[in-house]
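Here is a short report on one protein model and its ligand. Look at the structure first, then read on.

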Amino acid sequence: MQDTYKTKGMRAALISNLREKGIRDERVLEAMGKVPRHFFLDSAFVNQAYQDIAFNIGEGQTISQPYTVAYQTSLLDVQVGDKILEIGTGSGYQSSVLIALGATLYTIEYNRKLYEKARALLLKMNYKGNFIHGDGSQGFLSAAPYNRILVTAGAPQAPQALLDQLKENGKLVIPIGDLKSQVMCSLTKLANGEIKKEVHEQFVFVPLLGKHGWKL
Ligand code: SAM
């Protein structure tokens with residue numbers, strides 16, 4: 001695994017592209033500028049790693065498009081030291097961006113092969129997180145409550161279990177819709193326990209599976 005002048009240059013160009021597409025959060029862009037995205041794809045696909053596209057990572061799953069990662073991470077508004085639960089580790093790329101932002105990360109993946117691969121890769125890269133194999137639609141109660149919860153798969157609704165595992169003023173970012181497309185939602189748990197919902201752009205994600213996801 002090498003991060004050469006060429007890959008650093010391609011990454012800088014990708015970050016400029018994201019800025020041009022409207023990503024304004026400089027902390028997020030800086031974190032994405034640090035993480036070598038080509039480490040998360042097969043070595044034959046170095047060039048594709050720095051295009052603004054989602055890409056197949058095996059097991060019928062994808063590494064999210066960089067724009068989507070930047071968009072979701074910006075909405076999450078991560079503060080250094082935040083305890084974050086990510087649902088859908090996938091390749092581990094989004095996990096690395098959250099760790100680079102100074103989060104204490106818990107990340108849960110349903111697919112065992114992807115969980116094992118991502119955990120091994122992040123260990124090798126010295127990105128420290130807590131990797132869990134299981135159904136993230138139910139959250140991860142043992143480490144709750146969380147400052148932030150990020151769902152990186154399309155959900156039919158916001159699972160109550162996830163809202164229950166948020167701290168006061170905590171935020172859940174989750175794409176909600178049908179199997180064809182979803183809108184990005186940001187749900188904040190107010191001090192009185194009420195949930196404030198904001199609706200953002202439309203995206204297309206692979207489905208959230210499990211107890212509170214799609215039964216496919
Ligand atoms: N953020 C990832 C990345 O940077 O590579 C991409 C995530 S991919 C779009 C969605 C992931 O969610 C897939 O790896 C899928 O296996 C996982 N997933 C789906 N349902 C899940 C569930 N109930 N719990 C945990 N992971 C789930």
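## The ligand and its surroundings

The ligand has 27 residues around it, and the closest are Ser 91, Glu 109, Asp 135, Gly 136 and Leu 209. A residue is near a molecule if one of its heavy atoms lies within 4 Å of it. This is a predicted model: local features need pLDDT of at least 70, side-chain atom pairs count only at pLDDT 80 or more, and totals for chains, interfaces and linings use all residues. Residues are numbered from 1 along each chain as its sequence is written, and side-chain values use heavy atoms, leaving out hydrogens and water.

Look at the polar atoms next. A polar side-chain atom of Glu 109 lies 2.5 Å from an oxygen atom of the ligand. A nitrogen atom of the ligand is 3.5 Å from a polar backbone atom of Gly 88. Tyr 110 has a backbone N or O atom 3.2 Å from a ligand nitrogen atom. Taken alone, the ligand exposes 600 Å², and the protein buries 99% of that. Such areas come from the Shrake-Rupley method with a 1.4 Å probe.

Strand E3 covers residues 83-87. Strands here are DSSP runs of E with at least two residues, and helices are runs of H or I with at least four, numbered from the N terminus. Four of the five residues of E3 are buried, so the strand is largely enclosed by the rest of the structure. Buried means under 20% relative accessible area, with a 1.4 Å probe and protein chains only.

E3 pairs with strand E4 (residues 104-109) in the parallel sense, over five bridges. Two strands pair if DSSP finds at least two bridges between them. Leu 85 has Tyr 106 in E4 as its bridge partner. From E3 the chain passes through helix H5 (residues 93-100) to E4, in a right-handed β-α-β crossover. Right-handed means that, with the strands pointing away from the viewer, the path from the first strand over the helix to the second runs clockwise.

E3 also pairs with strand E6 (residues 146-151), again in the parallel sense, over four bridges. Here Glu 86 stands opposite Leu 150.

## Ser 137 in its loop

Ser 137 sits in the loop between strand E5 (130-133) and E6. Is Ser 137 buried or exposed? It counts as buried, at 1% relative accessibility.

Conventions:
Buried < 20%, exposed > 50% of the residue type's maximum accessible area, 1.4 Å probe, protein only. Polar contact = N/O pair within 3.5 Å; in protein donor to acceptor, adjacent residues only side chain to side chain.
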